Amino acid sequence: MNSGRFRHGFVYLLIIFAVAVIIWGAFARSENPDEWSISDVAVAAKEGQIQKIVVTDTGQLRITLVDGRTAISTKDPDGGSAPEQLAQLGVTDEQLAAIEWVNERTTNWQGIITALMYLLPLVVVVGVIYMMLRQAQGTNNQALSFGKSRARMFTGDQPTITFEDVAGCDEAKEELREVVEFLREPDKFIQLGARIPKGVLLVGPPGTGKTLLAKAVSGEAGVPFFSISGSEFVEMFVGVGASRVRDLFDQAKRHSPCIVFVDEIDAVGRHRGAGLGGSHDEREQTLNQILVEMDGFDTDTNVIVIAATNRPDILDPALLRPGRFDRRVVLDRPDVRGREEILKVHVRGKPLGDDVDLSVLARATPGFVGADIENMVNEAAILAARRNKKIINMAEFQEAIERVIAGPERRSRLIREEERRITAYHEAGHAVVAYYLPHCDPILKVTIIPRGVAGGYTMSLGEDMMFMSRSKFMDTISMALAGRIAEEIIFGEITTGASNDLERVTKMARDMVTRYGMSERLGPMIYGQKEELVFLGREIGEQRDYSEAVAEEIDEEVRHIISDAYERARAVLTEHRDKLELIAETLLEIETLDREAFERLMKGEAEEPQTSGPSRPAPESEQETSGSSEESEDTPPALDLPPAPAPA
């Protein structure tokens, strides 16, 4: 219950009660009964006018007459009871029996009500003044509480997350195990003169598990864990951030040994004095206070600061020096073995079918981070529930991967037959060239079912690669151009379906020339400064350090690379046109080819290819005419292979 609301409600009830008492008292005074003597009561009893007499313990008689009127009287205290006194005044027993007698123990309510009538207004006034003072005091406390830390503390008694819940980053866990061991057994290190690490900086792309790993450290060490975001330090009032930092570290020192986790530390740890607008005074004060707390004069406490960021390039150098963040733990995208371990963590407690192979799923998800894999497993469980299944099969996992990459299927979209044929030959071109070029990734699936914004797509079984060769680049470019070439060979016309392919190809060829030194004409040189000024914008930060003549040579070399790859893909499709038409016609018939069916067709085996999904019939002629004019003019774009992994 909110105490503020309770106090306000109590005051309102008190006011209502006081008003009710005053009105009741006034009403009670307005009913002024007649005052009789005991002889008047005897006369009325003889005449049969009395219906009821209430005798109170104070000797008062409340008389109710037959006609409804009331009266009061007081009996003689030394004359016996009221019936005896009336009998002495000549009232017979029959007349006394006709009266209803009631004995009542009463309290002097009139006196109490009268006292309340005078006291309640005073109580109400005092209560209102008290509430006003409390509200003013609460406002002052709220203003002063701006400087209090908003960190949330979790005790280490009952850890919910341990290192067993973190997978795919074995090296990072080993680095942090030493921190846990120091918090558990500090004497072992102190005897050797070792110093506790002041801070650990977790660096990695979004979704790689930085926050999860920090929680696991707290769970393993069994110590208090303070969690706060970097943006929670900064407020509109100057000096609040520094005050919150001081309060946070004061709390941490009182609970030491403990861990302080600052998520997204780049919100307050940015490089000081950078940017066009000068420095941000409040943010710099907060950063300065963090620097002092981590490596100032009073730092002889077992408080370890763990921070997470995906932008280490913009952090202030003073924050990264030894003595503050002593260790930098990098959480990169997991490899195939790491993805398999992450899958094992996320499928715990989920009923899996016998056909589910986690190693195949790990190979089919290159570039996925932990958050992507968790989302994929959740999507597979949702799909299984939607299909009224009790277990999750491999089909749901494959569908979930495609949903994460390209979006949901759009089987209800009306597509003209001509556009279906263009999409089928476009995707068949990609697949056939990828099959015959030695450095392309194996084809995992080819489909012409629209998904997301794509009219169809070709999925390959990528591999984790640290380095990419020039041959790999050239084959990948040839494969990306194969869809456009297939349209040109079969239809003698090109469409807008290859727009995404051309964008990828151009960037890949330009990077080969300017970033990786793979140009035979320009040699092993890098052209253009890649140091991005993050406070000015990425586009502004790219600086051009070559002449116009060199720029022309770069453009010419990029055009030469793309032209060579184009001609190579065209030669493959021309030589194997029969395979191109076979794959395309099969796609028009059953819409989707999995890896086994595709390879059987390419090898010329006679078995009928198996589909990985239900076939959708070709649109009727009346459906073709029912589409809008925009659909008939705009060819649906084809989604091709996922972007190739960037080389180191």
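1. Rings of Phe, Tyr and Trp (the six-membered ring for Trp) are taken as paired if their centres lie within 6.5 Å. In this predicted model, ring pairs join Y435, Y436 and F598 into a cluster. The count of aromatic pairs by this rule is 6.

2. One of these pairs is Y425 with F491, edge-to-face, with 5.6 Å centre to centre and 90° between the planes. The pair links distant parts of the chain: Y425 sits in helix 16 (residues 417-436) and F491 in helix 17 (residues 470-491), 66 residues apart. Y425 is buried because its relative accessibility is 4%, under the 20% limit. F491, with a relative accessible area of 32%, is partly exposed.

3. Y435 and F598 also form an edge-to-face pair, at 6.0 Å centre to centre and with 85° between the planes. Here too distant parts of the chain are linked, Y435 belonging to helix 16 and F598 to helix 22 (residues 595-603), 163 residues apart. Y435 is partly exposed at 33% relative accessibility, whereas F598 is buried at 2%.

4. L133 lies in helix 5 (residues 109-144).

Definitions and conventions: Residues numbered from 1 in each chain as written. Predicted model: local features only at pLDDT ≥ 70, side-chain atom pairs only at ≥ 80, totals over all residues. Heavy atoms only, no water. Helix = DSSP H or I, 4+ residues; strand = E, 2+ residues; numbered from the N terminus. Phe/Tyr/Trp six-rings, centres within 6.5 Å; stacked < 30°, edge-to-face > 60°. Buried < 20%, exposed > 50% of the residue type's maximum accessible area, 1.4 Å probe, protein only.
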